[in-house]
Amino acid sequence: MAGKLFAKHFVRKLFLEDWGLKLIALVITLALWLGVTGLSTPTTRRITVPLNIYVSNNAEITNAPLQEVEIVITGDKARIDQINKSDLTATRDLTDELPGDRVVSLSPENVSIPLPQGVKLVEVTPSRIPVNLEAIAEREIDVKPQTEGSPATGFEVYSVSVSPPKIRVRGPASFINTLDFVETVKIDLSGKKGEFTAKQMPVSVSNPKAAVLNTVVDVYFRIGEKRVERTFTMPLPDKPARTVTFIVYGPRSLLAKARADAFKVVLVPDGELPNVQVELPPDLQDVAKITSIKSNLRVYD
């Protein structure tokens, strides 16, 4: 009898007393359950994202691999809805791969992408892409100045020198090994009359995958009066019956006033027939040169 009374009291207390509070607690519990189950609703979404391929510092991709891939992700709908597509980039690591032509696989196992907790990558399309991985080479290359415009009327460029004359270039071996020179930006020679130095001229290469390690050079120009040729004839030393005829290439005004006896003729022993040499006078040594020497010297002279 006592047991029946206790059971009746317990049931009455459980269901009838404080029923308002218990109803509120039930509503809250139900709301929480709906909220949790709502967040857990599985969703699948297909997105196109950029593809980055990482390679070692001693290699370079020389073909044009795919720039984007299509991925499929799955997980909590609310979390997927919060993903900003611009924050997603798919990455494939090839830093341990040796140079060569290869077909690279793309899968959830080897492609990494920053996804929130509860969302995972399930598919990558395409699943395979061709990649040409080439070794990197580095060597010193001659620098070739580029110019535009012309010196002042009656003047010409005598010589051009670059400092440093060579620079180091780094890039794909197939490109670096066939590179003969690199070029400066164009240097304007318009109206120039004398010597001048174009300082800190940028140097570049045409291949976007190659890079110059010294990006600027100084270029020194020697500009002077236009040069012409003039022929001189004079007797050989100690052999007045024999002569030497030589052609000098130099500035017009200096050659116009040059005298034959200002040049020095030297006979250098060379077997039976001496070698005839001509030396320029001091005022022509840096700006002129001998282009031809002929003499009527004979073996029996």
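Me: How many salt bridges does the count come to by this rule?

Reply: The count comes to 13 salt bridges. The rule asks for a side-chain nitrogen of Lys or Arg within 4 Å of a carboxyl oxygen of Asp or Glu. Keep in mind that this is a predicted model, where local features need pLDDT of at least 70, side-chain atom pairs count only at pLDDT 80 or more, and totals for chains, interfaces and linings use all residues. Residues are numbered from 1 along each chain as its sequence is written, and side-chain values use heavy atoms, with hydrogens and water left out.

Me: What makes glutamate 70 and arginine 46 a salt bridge?

Reply: Their closest N and O atoms are 3.1 Å apart, and the cut-off is within 4 Å, so the pair qualifies. The two sit in distant parts of the chain: glutamate 70 is in strand S3 (residues 68-76) and arginine 46 in strand S1 (residues 42-54), 24 residues apart. A strand here is a DSSP run of E with at least two residues, numbered from the N terminus.

Me: Why is arginine 46 called partly exposed?

Reply: Buried means under 20% relative accessible area, exposed means over 50%, and partly exposed is in between (1.4 Å probe, protein chains only). Arginine 46 has 48%, so it counts as partly exposed. Glutamate 70, at 29%, gets that label too.

Me: Which salt bridge do the side chains of glutamate 123 and arginine 46 make, and what does the pair tie together?

Reply: They meet at 3.8 Å, N to O. Glutamate 123 lies in strand S7 (residues 119-125) and arginine 46 in strand S1, so the pair ties together parts that are 77 residues apart in sequence. With 33% relative accessible area, glutamate 123 is partly exposed.

Me: What makes S15, S16 and S19 a sheet, and in which order do they come?

Reply: Two strands pair if DSSP finds at least two bridges between them. Six bridges join strand S16 (residues 239-251) to S19, so that pair passes. The open sheet has the order S15-S16-S19, with antiparallel pairing. Strand S15 (227-236) and strand S19 (289-295) are the edge strands, because each pairs on one side only.

Key
Helix = DSSP H or I, 4+ residues; strand = E, 2+ residues; numbered from the N terminus.
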